[in-house]
Amino acid sequence: MTEHFVFTRRQFLKSTAVAGGLTVIFNSLPSMAQRKTTASADGKGWMGPPGKARYRIEGLPKVTGQKIYARDFRAWDMKGWPTTERHVMVLRATSADRTLTAVDLSMLPPELRPMRTVTSVDLARDGLQMPSSTTPPDGRQKVFLAALNQVPAYLGQPVALLIIADYYTYREASRLLRFNPQVLQYGPRIPPSGAPPPAPYSPPTFLTFYNNAQGVQFSQVKDGYSNPYTPSVNPVDAEAAKTRALIQKEMESSGWRLFEGSYETQVIDPMFMEPEAGLAWLDRANKRMNLVLGTQSTNGDLSDAFSLFKTQTPNSPLDVRSVVLNSCYPGGGFGGRDVSLFPLMMLLAATYADGPVRIAYDRFEQFQGGIKQLGAKMTQAFAVDGQGRLQAISSQLSLLAGGQNNYSQWVAQLAGYCGGGGYKVPRVSIDALAQPSVGVVAGSMRGFGGPQAFFAVESMMDEIASALGRDPIELREQNALTQGDFTVTGAPLQEPMRLAEICQLARKHELWTGRQDEKAKRKAKGQLYGVGFALANQAYGTGADGVMAAVEIDAQGTLRLTTNCVDMGNGSATALALSTARYLGANAASANMGQVEFFDPLGFVNAAQQPTTSSSTAKAALPKKEAAVQRANTSQLERRNERPHLKESDSTQKSDSNPWDNPRYTKSYSMSSSACITAFQQVHALEQASRVLFTTGLFPAARKLWGLAPSNPLKAEETRWEDGFLVAPGLPKLALPAIAARLHADKGVAGAMVHALYQARWVQADFTLEGSTWTWPIDGLCTRPASATSWRWHERKNVVAPTAASGAYGRSLYSPSGALVAVEVDPSTGRVQVVEVHTFLDAGRLIQPELVVGQSEGAVAMGIGYALLEQLPLGVGGAGEGNWNLNRYQVALAKDLPLGRMKLHVLPPLPPPDDHPKGIAEAVLCPIPPAIANAVTDATQRRFRSLPITPARILESLRS
Amino acid sequence: MSSTPIINVNLTVNGKTYVHKVPASLPLVDFLHEEVGLTGTKFSCGIGVCRACTVAACRVPQAHPVPTLACSTPVSELNGQSITTVEGLAGPSGPSPLQQAFLEEFAFQCGYCTPGFLMATHMLMERLRKEPIPEARLDAAIQDACGSHICRCTGYARYYAAIRKVILGTPGLIAR
């Protein structure tokens, strides 16, 4: 049928044994497809000159229809797998206010009945442990599969997995079961109990910040995490409550103008084009779980696999000793494949099947079971002084979460961090809570809380400008954050902030300056016209980002990179392949994406394995209060980023030790892939690996080719690459293949593997190789000599760790952006047409401009959908009921976009060191919806404080 | 294997003929995936809205290819027809000029909707080969061919730019 995908020996190298005895192995199926087709018709391939691509590195498989997505692979494609493949249908609850009384499959004739039906009874009997990201709110049943005789925890909760013999049987069975109200039977509706709503998913976010002429008086960074609603618990809580009371008093009595409003954003679906699909096979003979997945969180999915089987006793039927994850290019992600529930379905199905299983959601199932973007209800009050300066913000952000926590609390947290917009505000009181519901599970999606908060803030900024009679962009410029200011957490902004520059560019743009003339012209034609602006200061990264990369060179000078990064279509693979050029003079010919096991030679351990004795210097460096801050931050990172197969750290011990004293420690080993962490974080790791390879491998080989004596003072940094040749003053230029050949002949360093950790700055350390010591901004290093198969670990010394305070920054990296949007509103239909968009963006140095422009244009499309089109009830009537598809859920089509009138204005990079590339995928989205809303207001003179702004709402408003 | 009628289907896919017994209601996309092993045609909405599954179907050899939604067209309705999928676009020396244009314009991102755009444009180009249009009508023709296709990653602009480029660069498609 199709070609088997044969794994190389290296890819099956067993990883180190870890807690519980589980091992993990990664393969990258698309990498293998990539190898099969390296050139296009002209024979040139994807690669351009060093640092540039002619097209995407994975482009050719995508345009020729090769197997590259998880949905494309079948059991018979997989070498060593049985070729019989079972198909699985997931039955999901369609009610969350009635008791589930029965699962009735009697409508299936005998030949269509499942071979096995997996229910909550199986999970309970076998002691399978579901991961903490599947925690329901208090008071709801704490079972992953909804149990009989209980009320399902949420709409769309899985009830049973039907394992069906083959595809055709599955197909016929699903035709009889789908949309059939007899399958899941319920008792009578249970009236609301009157009990208070469940507590928000933990932890809630409370931000209190007070800054005056004497400096910061209270902040998360200065004082630690606080809860002003429990002032009697901790002194910091009491201080927060006192500070908030002071803020409230000043807002009421200082003569400032108060602006108050409530804003809402809706639940949306990521609606990536490939519904989730994959394969799983529990190889019982070898106690190995095999997965084929397209995922953004390879580490998270492994964590789930580990958690599922960790209590199994040796030789039990469900004893799993290793997990193999075959990682595929996802057909879109936008966050919706980050801690998705889908991999759990695969794991459970394979656990109870007699061989390989395939689950391939259709779009109805994807809507019903896929992760959603949280909606939000946001009430905020802004105080503005007589000069138009923001003096205080008080906000309550209630993020509408679903029936499990997933990432909801962290989405709410980032919404809180964005609650001050891009503005300097000396007094801040923000609550950001993820409120549980009986809706479909919600979590990560593009912007991660930013789009919600920026809609509220940027709508209000326009309202304030209107009330004050000020130009709305000029008002923003006046209040824009600048370098040295503080965020709402109290974190100092260490980099130049170009928000004011963006405002200046937008204010001078002819779309803005000419808007009144254009409005008059279009009015004459019966059209309402308006221009809106919004500013955003979206962060990228998680606040403590662990990344890793390796680069190797063969004797012909061909470079291969390996990374834990996943490319969801955002161009990570291409951008990384270009990023070897800076230090190595050439692009990487191949990119092995989504790898984690490969990096085991770095040998990091988790916090629980730290020495228990503390040093006096560590004690001095980590006061108790700050240690508490660090612990809280770490607990977040464990969920999102921490290495999955290690035991969770024991936060009760060693709070007074400095874990960085252990050279095998890092704070965040691996993180989920989001589109915005490539350009800065992942590229840094790869560039540093390239730098190490050059410094310790290529440069010594070049010196030999040049015949330089050891006493010759030429340094690596005195050389440069020109068109693939290494150039040094007064010396002949050397071709990369010639250097590589010499390097291999001399058995020099042919590979470098690094780990890097960013928390407000890159952790740096000294490394000694071949008698020389270098200081590099990395915290882990291995090298591989030519012809050797194993990596050498190099101990770090003199590590410069993150400051304890930076653990509470929340975020420290930002990509300022702004959007000018022009709309035309048809007063007879209420239809809004976006007619022009200009996005202004500080992206730092661009790696491949076409990729950045593509991200920006895609953000315009998604922003239009968010502002005008997309709507999905979270609860009753929503996707959880199983009958949503693209006939009801409207995303932007080409006709909805101003093709030819979308322009990205990238700010010219600043001089080094502030010229680094920035993550921008979320930044370019965040200003679009509020800019559209502000443009609609400009056109209609009506303010819309909730999304989407539909034609019906506009007509109703125009008639009122 | 099925409680629905089983029929014999004779279908030519990318020049190769397949005769299979399948359920009469089997959609073409399932035939391609399950019976032929070609997975380049993508399933996304399953109800004929997003058009990611678009293929070219010719009722008789040499007939004008018709855009066909593989997710919602039963294979029984295509019996005897000739189908071209994304796997059939490239020539022996590599990708077609259309595929090359999609590559060079960075037209797509995740690429899952790309086969649908490629097939819709391929059929537009086939039509223009027989009935060239003035350049002034090109944008409308592209919109007509591709305007209902959903892409979630891009803003469509780079797709449309690639399509314009390849049509304008292909002799005989534009009436001069």
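Guide: Let's take chain B, which has 5 helices and 5 strands; both kinds of element are DSSP runs numbered from the N terminus, with at least four residues of H or I for a helix and at least two of E for a strand. Before going further: this is a predicted model, where local features need pLDDT of at least 70, side-chain atom pairs count only at pLDDT 80 or more, and totals for chains, interfaces and linings use all residues. As for bookkeeping, residues are numbered from 1 along each chain as its sequence is written, chains are lettered from A and ligands numbered from 1 in the order in which they are written, and side-chain values use heavy atoms, with hydrogens and water left out.

Along the principal axes, the C-alpha atoms of chain B fill a box of roughly 55 × 35 × 30 Å.

On burial, 60% of the 176 residues of chain B count as buried (under 20% relative accessible area; exposed is over 50%, partly exposed in between, with a 1.4 Å probe and protein chains only). If you take contacts in chain B with a separation of 6 or more, 63% come from residues 24 or more positions apart, a contact being heavy atoms within 4.5 Å. The accessible surface of chain B is about 6400 Å², and carbon and sulfur atoms hold 53% of that; the areas come from the Shrake-Rupley method with a 1.4 Å probe, and for residues only the protein chains shown count as cover. Chain B carries 14 positive and 12 negative side chains, with the centres of the two sets 3 Å apart. Here Lys and Arg are positive, Asp and Glu negative, while His and the chain ends are not counted; each charge is placed at NZ of Lys, CZ of Arg, CG of Asp or CD of Glu.

Now for the partner. The contact takes in 58 residues of chain B and 69 of chain A. Between the two chains about 5100 Å² is buried, 60% of it from carbon and sulfur atoms; that is the accessible area (1.4 Å probe) the two parts lose on being put together, summed over both. On the chain B side, Glu34(B), Phe106(B) and Arg152(B) lose the most area to chain A, together 18% of what that side buries.

Chain A itself has 24 helices and 34 strands. Its radius of gyration is 28 Å, close to the 30 Å the globule rule gives for 960 residues, so chain A is as compact as a globular protein of that length. The C-alpha atoms of chain A fill a box of roughly 85 × 75 × 65 Å along the principal axes, and buried residues make up 66% of its 960 residues. For a local example, look at helix H8 of chain A (residues 342-352): 11 of its 11 residues are buried, so it is largely enclosed by the rest of the structure.

Conventions: The radius of gyration is taken over C-alpha atoms; the globule rule is 2.2 Å times the number of residues to the power 0.38.
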